[in-house]
Amino acid sequence: MLTMVLKRLAMAIPSLIGVVVVTFLLTRALPGDPAVYFAGPAATPQAIQEVRVKLGLDKPLIEQFGRYAVDLAHGNLGTSLTTGQPVATELRNRLPASAELTLLGLLVSIVIAVPLGILAATKPNSLVDQACRVISTAGVSLPVFFTGLILVYVFYYLLGWAPAPLGRLDVFLSEPPHVTGFYLIDSLIAGDPETFMASLKQLILPALTLAIFSLAPIARMTRASMLAILSSDLVRTARASGLSAYTVIITYAFRNAMLPVITTLGMVFSFLLGANVLVEKVFAWPGIGSYAVEALLASDFAPVQGFVLTMAVMYVALNLLIDILYGLIDPRVRLDA
Amino acid sequence: MTDIAATPRPESSLVALLRHARYVIGENPVTGFAFALFVLIALAAVFGPHLVPYDPLASDTVESLKPPSLHHWFGTDQLGRDIFSRVVVATRLDFFIAVASVALVFLMGGLAGVAAGFYGGWTDRIVGRIADTIMAFPLFVLAMGIVAALGNTVQNIIIATAIVNFPLYARIARAEANIRRDAGFVEAARLSGNADWRILALQILPNVFPILVVQMSLTMGYAILNAAGLSFIGLGVRPPTPEWGIMVAEGAQFIVSGEWWNAFFPGAALMVAVFCFNLLGDGLRDLVDPRRRT
C-alpha cells in the first residue's frame, strides 16, 4: 500500500513541474515588456529599469525560471499591484471561502446524482431513468452563471426564501472566530446556531448552482456502471441466493459500481474549480476566483498567476487523493501497482 | 410487370451515406430536431444582422428596461436597446468563436495526435507530455490564464479555447492512428513504396477524420460555454458589442430587482445553442460509429 502511494506521488511530480513551467511561461507571454507591465502605468524609465533588475528580467530565461522556482519554494507568489498585498497572503485568506463553497457543491451534487443514477439503472426506461437523462443533459448544457442567476431570480426575488446574493454572511452578523475558515464549521465550534444558519442560507444557492453543473457526469457514470454490474454474474448469484433487493443493490452492486464513479470525480473537479470562478462572480462570493477576476480586469498579473498556480496545484493534489482513495477501496489496483 | 433490368446496382458511397443518415434520423427524431435547430442557428449567424427589427446598438432611453412586449419581443435593456435584435445579432460572434476555436484545435490536436500515434517514440512522448500538462489544470482556469497572458481580445479567447481542448483531440487522434499504424492497408501502401507523409495523408488521415468530426461537434457546445464564460467575467468581448456571455453579465445586476429578461434571453440562447450541438454530436456519432452509441 505504501509503495503504491509513493509511486503515485512520484507520478504527480512531472505534472507539478509542468504546472510551474506553464505558469512561468504565461508571464513571459505578456504582450510587451514585463518590466514596464509590472512597474505600473505611471513608471519612469528609471523605475522600469529598477523593476527589471529587481525581477531579474535582465538575466537569461533559465536563470529567471530558477528564481521563480526558488520564490515559489519560499511560498512567495509576488505582490499585487492594486492592493500592494503579497498574493500568497490574500490567496490564503480567501481560499477557505472557495473551498467551503466547492466542497458543499460537490457534496450536494453527489447526494443528488448517486441515488438518481442508481434508481435510473435499477429501472431502465422508467420515469426516473428519463428524468436522469433530461437532468444530466440539461446540466451540461446550462451555462453555470445562467443557472445561478435563475436561482437568484426565483429564490430571492420571487419567493424571498434566499438572502441577497452578496457574499458569505449577512452584513449585520460578524464572522465566527477563525479556526478552519469554513463558516459552517467555525460557527458550530463557537456554538453559534444563528451564524451557522445565516451562512448556510448564503451558501445554499451557489452550492446548488455548482451541484447542478457537476451532476451530469456523476449521474451518468453511476447509471452506466450500475447497469453493467447489475447484469453481472455476481449480482445474478446474489439474486439467485434469495438475498433481498436492498442487499443486492446496495451491498453487492453499489459498492462495485462506485469505483468508476470515483475516477470520474477527477473530471468533476476540473469542472467545479472552473465553474467556481463564475459562481463566485454571480454571488459576489469573496473567494480566490473573484480575487483573480478583479485582478484580471485591472491587468494585475501577479494575482492571476498565483491563482492559476494554486488552482492547478490543488487539482493535481485532488487527483492524487482520488487515485490513492481508489487504491484503498479496490485491492485489485494495489496488486497492479 | 417487373423490369428485369432493375437488378440492384452497387450504390455509390455518397448515396449509401445519405441512406444511412436518413435511417439514423428516422430512428432518432431528436437528431433531426437538433439538425433543424442547427440550420436555424446558422441562418441567424449568416443573415441575423439583416433580419432583426432594430439596430442592436441603438439606445432609446425612453424605452429602457421594458419587459417583453409585441414591439420588443425580448424586452429592452438599461439603455433601451432591443434585446431580441441583440440576441440574434450576437449569434454570429458566438458561432464564429466556437467554430474558429474548434477548427484550430482540430488542426493542432488532430495533426499532433496522428503524428504521435503514427511515429511513436519521441514524437509520441512530447505530444503526450504537452497533453498531460494541459490536463493538469482545471480547464477554465487555464483558459483564463492564457487570455490574461496573451491579451484581452476575441482572438485570444479562440486560441485559449483551442488550447484547453488540445488533449482531447490529440488523444483521440493518437489512439485512432496508432491502431491503424500496422494495419494491412498501411503495410500494403508501405510495401508499394509510399513515403510516410503519403501514407499519413492518404491512408491514416481519411480514417481518423470522421471520428474527429464527431468530436468537433461534441466540443462545439463546450467551446461556446467556455467563450461565453470568459466574456461573462469580462474577458475578450467588450461592450457594447452584442455577445451572449457579456449580455448575461450586463443583465445580471437587474436580476435582484426583478428585470429578468435582460439576462434570461441571451442565457437561454446560449443554452439552446449548446444543447443543439450536444444533441447533434450524439447523432453524428451514431452516424459515423454506431458502436459507441450510449
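Helix H6(B) is mostly covered, with 20 of its 27 residues buried. The structure described here is a predicted model, and its scores are ipTM 0.85 and pTM 0.84.

H6(B) spans residues 154-180 and has the highest mean pLDDT among the elements of chain B, at 89. From its first C-alpha to its last, H6(B) reaches 38 Å, close to the 39 Å expected at 1.5 Å a residue.

| Part of chain B | Mean pLDDT |
|---|---|
| Chain B | 81 |
| Helix H1(B), residues 13-27 | 71 |
| Helix H6(B), residues 154-180 | 89 |

In chain B, 92% of the residues reach a pLDDT of 70 or more. The lowest mean among its elements belongs to H1(B).

The contact between the two chains takes 41 residues from chain A and 36 residues from chain B. On the side of chain B that touches chain A, two or more residues come from each of the helices H4 (121-135), H5 (139-150), H8 (196-232), H9 (244-255) and H10 (261-288). H5(B) gives the most to this side, with 9 residues. By class, this side of chain B has 26 nonpolar, 9 polar and 1 charged residues.

In chain A, helix H10(A) covers residues 233-240, and because 0 of its 8 residues are buried, H10(A) lies largely in the open. H10(A) is followed by Gly242(A), whose phi is positive, near 85°.

How values were computed. Residues numbered from 1 in each chain as written. Chains lettered and ligands numbered in written order. Predicted model: local features only at pLDDT ≥ 70, side-chain atom pairs only at ≥ 80, totals over all residues. Buried ≥ 20, exposed ≤ 12 C-beta atoms within 10 Å, placed from the backbone. Helix = DSSP H or I, 4+ residues; strand = E, 2+ residues; numbered from the N terminus. Contact = placed C-beta atoms within 7 Å. Nonpolar A, V, L, I, M, F, W, Y, C, P; charged D, E, K, R; others polar. pLDDT = per-residue confidence, 0-100. Expected span 1.5 Å × (residues − 1).
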